[in-house]
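Please check each point against the structure.

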Amino acid sequence: MLLEKMLQSQGFGSRKHCQQLIKNGAISIQEQIVSDPKFKLNLQNLEYSVYGEKYVYREKVYIALNKPQGYECSHQATHHYSVFDFFDEVLMNRGLQCVGRLDQDTTGLLLLTDDGQFLQALTHPKKHVAKVYRMQTADPIQVTQIQQLEAGVELRNEKGIFAATDVQQITEHELTMTIHQGVYHQVKRMLAAVGNKVERLHRAQIGQLKLSQLAEGEWIYLNEQQILAAKNQNTALVLEI
Ligand code: URA
């Protein structure tokens, strides 16, 4: 691939802007300045720097963020911060999108990507990718509520029954459960449907990818194994991040 095209694909602006960067001597590969925009690159394990800042070539990006409270999953956040505030302009230029949404007050595992197929694979209703949530409830959790959640509840203006699996009570007011769809406010509405209320909500796992070390507000690029785990295509083991 031509150097100018590679830079454009990685979010460094228009072809013209990338040509200018190259001609200005901003780009180095293996410590050598490359000033020819038509320089042909081998993309395999390509590392380069732009004005001294190091980058790795990525055909697509797959990111896991431990989302803090108070961040909206929208580009034009109105009342809170936006989760996109965590990412620089170069990443944003690639067309980064959230893979499903978390409410502004929900914490935990949020994936972002510029790969439309990956986004579809994780959010398409027919794929039923499992998502594990931990929550604190306003009222003590009743055994009957757990039974109802497992049997399934109806949600207003949604077709079908919404059931959770693996519902586990942790303390009087704490619960974990797995859901396999992703409709608007699903967990909060399911808890409301059984007569309780979610006070705090945290997403702990998507597919086989589980949040562990990543601190709130931190993000990482996912590797191939972690991408497969999120898609549930690596069912043998849960990968912790
Ligand atoms: N269900 C909810 O109610 N909120 C979320 O943020 C995610 C799932």
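1. The model is a predicted one. With that cut-off, the residues around the ligand are L102, D103, T106, Y133, H185, Q186, V187, K188 and L201.

2. By residue class, this shell holds 4 nonpolar, 3 polar and 2 charged residues. Which helix gives the most to the shell? Helix α6, residues 186-193, does, with 3 residues.

3. Polar backbone atoms face the ligand at several positions listed here. An oxygen atom of the ligand is 3.2 Å from a polar backbone atom of H185. For Q186, the polar backbone atom lies 3.5 Å from a nitrogen atom of the ligand. A nitrogen atom of the ligand is also 3.1 Å from a polar backbone atom of V187. As for cover, on its own the ligand has 240 Å² of accessible area, and the protein covers 96% of this.

4. Where does the ligand sit? The ligand is placed in the largest pocket.

5. Why does the ligand lie between two domains? Domain 2 (62-118 + 212-240) and domain 3 (130-206) both give residues to the shell, so the ligand lies between them.

Notes. Residues are numbered from 1 along each chain as its sequence is written. This is a predicted model: local features need pLDDT of at least 70, side-chain atom pairs count only at pLDDT 80 or more; totals for chains, interfaces and linings use all residues. Side-chain values use heavy atoms; hydrogens and water are left out. A residue is near a molecule or strand if one of its heavy atoms lies within 4 Å of it. A polar contact is a pair of N or O atoms within 3.5 Å; within protein, one must be able to donate a hydrogen and the other to accept it, and residues adjacent in sequence count only if both atoms are side-chain atoms. Accessible areas come from the Shrake-Rupley method with a 1.4 Å probe; for residues, only the protein chains shown count as cover. On a 1 Å grid over the protein atoms alone, a cavity is a set of points where a 1.4 Å probe fits but cannot get out, and a pocket is an open set with protein on both sides within 12 Å along at least five of seven lines; lining residues have an atom within 4 Å of a point. A molecule sits in a cavity or pocket if more than half of its atoms lie within 2 Å of its grid points. Helices (H or I, at least four residues) and strands (E, at least two) are DSSP runs, numbered from the N terminus. Ala, Val, Leu, Ile, Met, Phe, Trp, Tyr, Cys and Pro count as nonpolar, Asp, Glu, Lys and Arg as charged, and the others, Gly among them, as polar. Domain bounds come from an automatic or database domain assignment.
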